[in-house]
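Here are a few exercises to work through with the model open beside you. Try each task before you read its solution.

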Amino acid sequence: MAKTLEEINEKIRKGQVVVVTAEEMVDVVAEKGPKGAADAIDVVTTGTFGPMCSSGAMMNVGHPQPRIKLGGGQVRLNRVPAYAGLAAVDVYIGATAIPDDDPRNAVFPGEFRYGGGHVIEDLAAGRRVLLEATAYGTDCYPRREIATWITLKELNEAYLLNPRNGYQNYNVAVNRSDRTIYTYMGTLKAQLGSANYCSAGQLSPLLNDPHYRTVGVGSRIFLGGGIGYVVWHGTQHSPGAKRNERGVPMGGAGTLAVLGDLKQMDSKWLRGASFRGYGATLIVGLGIPIPVLDEEIAAQTGISDSEIAAPVVDYSGPYPERRPEVICHVSYAQLKCGQIEAEGKTIPTTPLSSYPRAQEIAGTLKEWIIGGKFELSAPVAGLPGADSGMVMGPMPDSPPDQADIGR
Amino acid sequence: MKVAHRIVLHFPPAATDQPIIYRLSKDYDLVFNILKASVSPQEEGLMVLDLSGEEADYQRGAEYLRKHGVQLQPLVQDIRKNDDRCVDCGACVGVCPTEALTLERPSMRVLFDPDQCVVCGECVPCCPVEAMELRF
């Protein structure tokens, strides 16, 4: 029998709601069938904890006396450059920013031990962060430089604003070349020596709502240990990606832009990370509840790792050159076993997304909902779906001619 | 009685130009298998090795090393997994050559078995959250 979101929220308020994680839902659907599962279960919780480079924090650092206009100036947080092209004291720090004097890949592979993601972790942990800035000075904002320690508690506002999180499925990275390569998918051994993957599979948020029937703009979510919201579809959202017979995308497809109050968050769920030879980033904990409104949603949340396939892509040639070559598809069940077969070789697999933490996020969200601390919200607008025609395009290829230079 | 130990040797700069391991083998009848070595003239050196032989010979060999200013340390103290930092992602498992780092299935937790570790150090720069620590 179909349910409404309001009926589910009423059950949450009355303490009668039945919640399972997406992992538990696999067994529920196997046992009761989609119809029985839809009757028995009200909410399925999901979770993922992986590196998500398109993440960052927006903050208002307050006005010093006398005032300074950081906008148009230069701002560093623990020596990591932050974006200040906004009003006087609004600052955005992106996860992949690194100090100007970081050696980067000058000695290859670089270590990238501290970047924007680490600044965000430090702030969330309540540790003090050094703000240093220079500005040009105006009549109303005369100050030209400042250095001060700041803490999250003292900021007027601080919120995570991540333009792209929660990729619906992702590549499995391999390396066919003769040397080890260092990528955002980790260290890849030569000659198909390793296969790295990065998804929570059956626990991953958008893999449990493949057609975006319940997740949309305004969906209340678990973000970094606090409560956040889906605010838009994420950058590179590609709902038209190829799907299997159950509607599950067979590669990267939908994405989410999310926002949440950093002051509620916990550094356990926001971790600065370094990828050797690649750069710095932020590991983000994200969890989304899926209301089981009907049989179809029950069936989709019950999809298991063996029914979700990921494309195996060579990161030594085709990926950097943007050639759309897929070696083969493998299931998350195979990936989690520890080895896959590709091109006649047995390749050991390595996850980059933490499954135990994904389970913990889905479990925490489940407790919040059962405990009446978290109600589900209806989206105010849907995410563009497979029929929207939305596709991820390349960068325009229009080099400037001589007349354009310096314009 | 035969004994076998996996140990870390720290060589003072003055000892790095002496054939110490050769002497261990020749004079004390110990069998060595070098797992890792970083020894340069006039610098502090480090060597990880399996050393085996008769208990009495091993003790005399160890005494010989100490006399030459070489510090001995059981190997397990050298690579540590900081469980407060580890997020159980698994990135280290792929680079560990000896399966000292493995994933427990089906929990997918990262396990570290110091007995299997040869202190190659690959996991240290590979860990995204600096949970693997190399201690000298």
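**Exercise 1.** Is Glu343(A) buried, partly exposed or exposed?

*Solution.* Start with the cut-offs: buried means under 20% relative accessible area, exposed over 50%, and partly exposed in between (1.4 Å probe, protein chains only). Glu343(A) has 47% relative accessibility, so it counts as partly exposed. Next, find its place: Glu343(A) lies in the loop between strand 24 (339-342) and strand 25 (345-351) of chain A. Helices (H or I, at least four residues) and strands (E, at least two) are DSSP runs, numbered from the N terminus. Finally, check the backbone: Glu343(A) is not a glycine, yet its phi is positive, about 50°.

A word on the source: this is a predicted model, in which local features need pLDDT of at least 70 and side-chain atom pairs count only at pLDDT 80 or more, while totals for chains, interfaces and linings use all residues. Residues are numbered from 1 along each chain as its sequence is written, chains are lettered from A and ligands numbered from 1 in the order in which they are written, and side-chain values use heavy atoms, with hydrogens and water left out.

**Exercise 2.** Which residues of helix 1 of chain B are buried, and where around the axis do they sit?

*Solution.* First, go through residues 20-28: the buried ones are Ile20(B), Ile21(B), Leu24(B) and Tyr28(B). They cover an arc of only 110° (taken from the directions from the helix axis to the C-beta atoms), which puts them on the same side of the helix. As a reminder, an α-helix has 3.6 residues a turn, so residues three or four places apart point the same way. Then look at the cover, which includes strand 1 (2-11), strand 2 (31-38), strand 3 (45-54) and helix 2 (55-67) of chain B. Just past the helix, Asp29(B) has a positive phi of about 60°.

**Exercise 3.** Describe the contact of chain B with chain A.

*Solution.* Count the residues in contact (heavy atoms within 4.5 Å): 23 come from chain B and 25 from chain A. Val87(B), Pro125(B) and Pro128(B) supply 26% of the area that chain B buries against chain A, more than any other three residues; buried area is the accessible area (1.4 Å probe) that two parts lose on being put together, summed over both. Now look for salt bridges (a side-chain nitrogen of Lys or Arg within 4 Å of a carboxyl oxygen of Asp or Glu): there are 3 across this interface. One of them joins Asp88(B) and Arg357(A), at 2.9 Å from N to O.
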